[in-house]
Amino acid sequence: MVYNTVMMKKGILIVNAFLKTEQVKGTYDMLLAAAGRAGIDLTLMTNAQFFVDLESGIAVTEHEDDLQDISFILFWNKDVFLARALERMGYRLFNCADAIEACDSKALTFERLKGVCRVPKTFKIPMTFNTVGYDDLSFESFLEQKLGYPYVIKECLGSYGGQVYLADSRKKARKILKSIEGKDCIAQEFISESSGCDLRAYVVGNRVAAAMIRRNPDDFRSNIANGGSAEACSVTKEQEDLAVSAARALGLDFAGVDILFCEGGEPVLCEVNSNAQFRALRDATGIDVSDEIFRYIAETV
Ligand SMILES: Nc1ncnc2c1ncn2[C@@H]1O[C@H](COP(=O)(O)OP(=O)(O)O)[C@@H](O)[C@H]1O
Ligand SMILES: [Mg+2]
């Protein structure tokens, strides 16, 4: 027990070397400050300080000293090859590589969540090669028939609402598909009751640590980065069960879960974020979920 407490004192935060927005810096600052409050020696590193040796399967670094005696790695990154290599070397990653990978692609997320919780009707859009594109968009009639207009098209890899589109007519749908050809995409039922409004529930372990309602009266996408506003809220048991069951099924230790409201306010899953930003959540709720994250890590390692 004493041994565990001592071991817990040292960890590494691995962030992406190339993503430098104010928003992500805000999250890293919150994590570093929370580690300080928890008495944890947390060293900031980037994925560019490691190379995955694909022959041996392990990660090599010139900063080996920083890895001495660490008991966990907070992997705030989507570089899953690096994450897998570090796991092969025996490190416990939060979140783990497999869960990060499952969240990174919206198609993979929904594939994994089959039968777990309520999700909107969602179809994977037929793949094409980015060197080839679509020379025939007649397959789109299937989506028109199954989803009706408007429906939502999402690039599988996207964030902040930037790669989420509303197809409100056949012409628009085909224009969107043509403009993103070569990228993995999904088409999804538009939950009209939830237009411009969703719930962001931040799950840590088996509970929702903080939640906010996001609203945008001018856009169906309620992301803060897209002009939405946020207000603290509590969650119902049904909302908490949905958020926690999705996070658990994906193998996440913590996650930002987006929930839409359909008829009668019933919650339906929108997406799951393994590396959600949480400064806006703190500003809206007064809750700093990074404290919860370190409490959870201390209980786990
Ligand atoms: N099926 C849908 N019906 C209604 N609104 C949606 C739907 N999917 C997404 N949205 C809106 O778009 C926003 C962004 O979509 P999301 O899937 O969370 O992608 P991102 O990774 O860009 O945040 C959501 O927060 C929500 O407001
Ligand atoms: Mg989202």
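Biologist: Which domains does the domain assignment give?
Modeller: The assignment, automatic or from a database, gives domain 1 (2-96), domain 2 (102-118 + 193-300) and domain 3 (122-190). This is a predicted model, in which local features need pLDDT of at least 70 and side-chain atom pairs count only at pLDDT 80 or more, while totals for chains, interfaces and linings use all residues. Residues are numbered from 1 along each chain as its sequence is written, and chains are lettered from A and ligands numbered from 1 in the order in which they are written.

Biologist: How far apart are the C-alpha centres of domain 1 and domain 2?
Modeller: Those centres lie 24 Å apart, and the contact (C-beta atoms, placed from the backbone, within 7 Å) takes 18 residues from domain 1 and 18 residues from domain 2.

Biologist: And what gives the most on the domain 1 side?
Modeller: Helix 2 does, with 9 residues; helices (H or I, at least four residues) and strands (E, at least two) are DSSP runs, numbered from the N terminus.

Biologist: Switching topic, how do helix 4 and helix 5 cross?
Modeller: The axes, lines fitted to C-alpha atoms over the stretch in contact, with angles from 0 to 180 degrees between N-to-C directions, come within 9 Å and cross at roughly 165 degrees. Helix 4 and helix 5 are therefore roughly antiparallel, a term for angles over 145 degrees.

Biologist: Which residues come nearest to ligand 1?
Modeller: Of the 23 residues around ligand 1 (C-beta atom, placed from the backbone, within 6 Å), Gly 161, Ile 191, Arg 221, Ser 222 and Glu 271 come nearest.

Methods: Parallel < 35°, antiparallel > 145°, perpendicular 65-115°, else oblique. Contact = placed C-beta atoms within 7 Å.
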